Amino acid sequence: MRLSLGELSAETAGFRADDGSLLSEALRVDGATRGRIDLLYRNIPGEDDQEPFVRTARTILHIVTQLLALALGAPRRGIDPESTQIDGATFRRLVDQSPAVAFVWSLTEGWPVAFVADSVRQFGYQPHEFLDGSVQYADIVHPDDLARVTKEVQSYTAAGMEDFRQRYRIRTRDGRVRWVYDWTRVLRDARGRAEQNQGIILDITDRVRSEERASRYVATAGNAFIALDRAGKVIAVNEKTCELTGETADNLVGGDWIDEWVSEQGKADAREVMTRILRQQPGWTAGTYDNVIVSRQGQRRHIHWNYACDLTVEGALDQVIAFGADVTELVESKLAAEDMARFQQENPNPVLRIDQHGQVLNANPAARKLFETLRTASAEQQQRWADLVTLSSKAQRSSRQVLAVGEQLFEFTIVPIPAQGYANLYGQDITEQAELHQRIEKLAAHLPGVICQYQQWPDGRAAFPYASQGIKTVYGVEPSEVLDDATPMFRVLHPEDRERIKDSILRSFRHLHTWHERYRVQFQDGRTLWLEGKASPEPQPDASVLWHGYIHDITADVLAAQRLEESQQKLLEAQYIARMGDFDWEIATGKVTWSDGLYRLLGYDPNETIDFAKVQTSIHHPGDLQRITQWLQDSIASDADKLAANEYRLLRKDGSVIEVQTEGWITRQDDEATRIFGICLDITKRKRAEAQLQLAASVFAHSREGILITDAEKHILQVNPGFSRITGYPESEVLGQTPAVLSSGRHDAAFYARMWQSLHEAGFWKGEIWNRRQNGEVFPEMLSVSAVRDANGAIQHYIGVFSDISQIKAQEAKLDSIANYDHLTGVPNRRLLTDCPFDQWYLGLGRDRFGDLEEFQSLGESHARLHRLVAELASRSQTPASPANAAFDHRQLEMASEALMADLQRLMLRIQDPDATGMGSEDHLD
């Protein structure tokens, strides 16, 4: 739309007077012409009758012009009821006869109407129904659209918009549904608050139905349909488009049509066309265009497009719609016809057509020249030509034949066309190629793989136009077996790799990128080979793709890699078990590499990223850091190729300390150390065990007790110095002997049997035992013997620990003598007799042996008298005594002692001679 007001002129976006049809109307304000309004419109695609649309456009132009005149002739303000009546009268004259209906309604609940044109009668309503409030504007809006319309009105007014457009349904008085186009202007108060809406609604039901018919046509049309937005994104498609692309509508919508579906060769041209359309350059708002699209399956289709631009009311591009006809077969036929014509006129190789009877229907100049050569050719060559013609006349499928004519070698491709009743024969002089082929074959024969050409067509057909003899090694087929059909090759692909290889070929077909894969083939005899192939694609005029490449056997490399991986895994497992790891240090760059074993040894996760510059310092124990640094510096400065073993402490990630032993090798270049690599072994447990052994050895060597160790057969394996000191035997004299060398003879066999039984059952025995020293002296000892068993419970060693208790025994005897015998007379004292009464001994032992002897009774009485006397003398010694009393006491003691000794002598004589008669004290004294 263009507005001209005096010398001023303004246009809406997209207004071009030469790009459509123009309607104009003068703008009169207060009776004077102030300007004009031009309305540009374009015909609706698919509509045969444009008159209703033009009539509506003219009415809208007239109403807009009058509304603008009213606005210019009065101050901009809201419309109150009185002014509405005045303006309404004028407004009524303008629009009563128009199919459009003018409304003014308030933005309060229900949208009460302040003004409505008489043309509302076309919907079955009377104007007064709105003006008296019987019907409000919200009442006529279709219930299914009311919420959306309300939300849009609220949004537009809140956003400060002066006017807006809506499309929705209303209900007529008789219940019919009509589609309307609503052109609304917002009336605001002095504060800018929206109070009323002034609008014009136009019945577009016929247009909507036309659009619906067009949509149904698009959906069911035999041609493809696409609608693109300004960015080239797909807005809508039909089923034919889905069929051509091999994709669903959901996946097509939203995608970039040119990037995803136009062939690589056509992308640049398609983008240039789209740019011209977007700019709405003259001649580009509608037209035709041809390009190639590639389906999801890789099929290439030639499409002839008819496109048109759909513009907004303001004239801006809204969308591009296009109908496309699949003309692939037509294009291919045309290309084939052109090729044939070109072959007939320009091809230096023979081309001819032969019918079903073997008659030549057509031949190009090169073919006629071939016929001349055949006339002088050998009979064998002539016969082979006749056989070729016969084969061509009866052929049902394409094939190739090689034929020598004179000094030349030709390859003929037979292309039968049964529907037309003839076959085309395309010959090619391959004399030089044959020579080159022989050279290539000789070269290829010395290569470990196959040099080949692989060709695939959009319909999935595939073949090997050329393959060296190496194909028999890698695929187990002859070149001739796959010359026209690659199926035998796919048949030997490993089942687990077959689909992957097919997909990779298809991706290379679509995007024309280099094909490179590793895969397996499996033969009927069970053999499996690993192959590696690499080939470059080349698109062909017939929409096929030809790859040039090389395939070779990599089984040995794969198996070696697998063995290496297994070895590395075993190494990692061994390092884990042995608590070992390896390292690699590039001295110049400072780069450090740890094995997984070393990561775990130091408490780190092999997958975590660590700063080796910091860690290399922090992992060394402060007490060893200086020594280790000096060790490395000295090793680097020396000319040695080996890093001498060293033991030191490291700090793990959690702060715990481990002891390690490191050794390695130094790589040098030009006498300069460049690299150090080696292993690091955790020796923490070994160092602890060594410390424990040293402690045990110290205890063994310095113990005051004697210690001996025997094997399971009781042969002495080792004794300590304490053993030699106590027994007098040096170690050399007892090694290999049994502990019986110390036997004193005081213990019987039952004693030793009990001791060994305890050792076998309880694993331990302790007690006193008498042994003999080297000098023959018998001595008592306190002995502890323990049995040492292995993991299976079998006895491996015995360990005996003993101490000399001779002094203890002597002290015990001395104490016993003091406690139980009189130190003056040496006879048992009362404590001993109390502990072991004479009567009890006599009753328990003497009577059984000697009968009732009076001597025993007399002896007991004498002992009792002596004991009483000693006690009495002891009590007297506590008080002063005269010399006379002392002499008397001494005499009494001597008499008591003599009586006791006389009784003892008689008793001893009776024991020696039980038959002797009793003897008195006189006899003993004599």
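How many nonpolar, polar and charged residues does the lining of the second largest cavity have? This lining has 13 nonpolar, two polar and one charged residues, where Ala, Val, Leu, Ile, Met, Phe, Trp, Tyr, Cys and Pro count as nonpolar, Asp, Glu, Lys and Arg as charged, and the others, Gly among them, as polar.

The model is predicted, with local features needing pLDDT of at least 70 and side-chain atom pairs pLDDT 80 or more, while totals for chains, interfaces and linings use all residues. Residues are numbered from 1 along each chain as its sequence is written, and side-chain values use heavy atoms, without hydrogens or water.

**First stop: the second largest cavity**

Select Tyr-454, Ile-505, Trp-515, Ala-535 and Ile-551, which are the closest to the centre of this cavity among its 16 lining residues. A cavity is a set of points, on a 1 Å grid over the protein atoms alone, where a 1.4 Å probe fits but cannot get out; lining residues have an atom within 4 Å of a point. The space here is about 180 Å³, a volume being the space filled by probe spheres set on the points, which are joined across faces, edges and corners. Strand 24 gives the largest share of the lining, five residues; strands (E, at least two residues) and helices (H or I, at least four) are DSSP runs numbered from the N terminus.

**Second stop: the largest cavity**

Next, select Leu-228, Val-273, Met-274, Ile-277 and Tyr-289, which lie nearest the centre of the largest cavity. Its volume is about 220 Å³, and helix 10 supplies the largest share of the lining, four residues. The lining comprises 14 nonpolar residues, one polar and no charged.

Now select residues 194–203, strand 9. Seven of its ten residues are buried, so strand 9 is largely enclosed by the rest of the structure; buried means under 20% relative accessible area with a 1.4 Å probe, protein chains only. Strand 5 runs antiparallel to strand 9 and is joined to it by six bridges; strands pair if DSSP finds at least two bridges between them. Strand 8 is also antiparallel to strand 9, through nine bridges. Ile-201 stands opposite Val-101 and is the bridge partner of Asp-182.

**Last stop: Asn-771**

Finally, select Asn-771, in strand 32. Asn-771 is buried, at 7% relative accessible area.

Technical notes:
Buried < 20%, exposed > 50% of the residue type's maximum accessible area, 1.4 Å probe, protein only. 1 Å grid on protein atoms, 1.4 Å probe; cavity = no way out; pocket = protein on both sides within 12 Å on 5 of 7 lines; lining within 4 Å.
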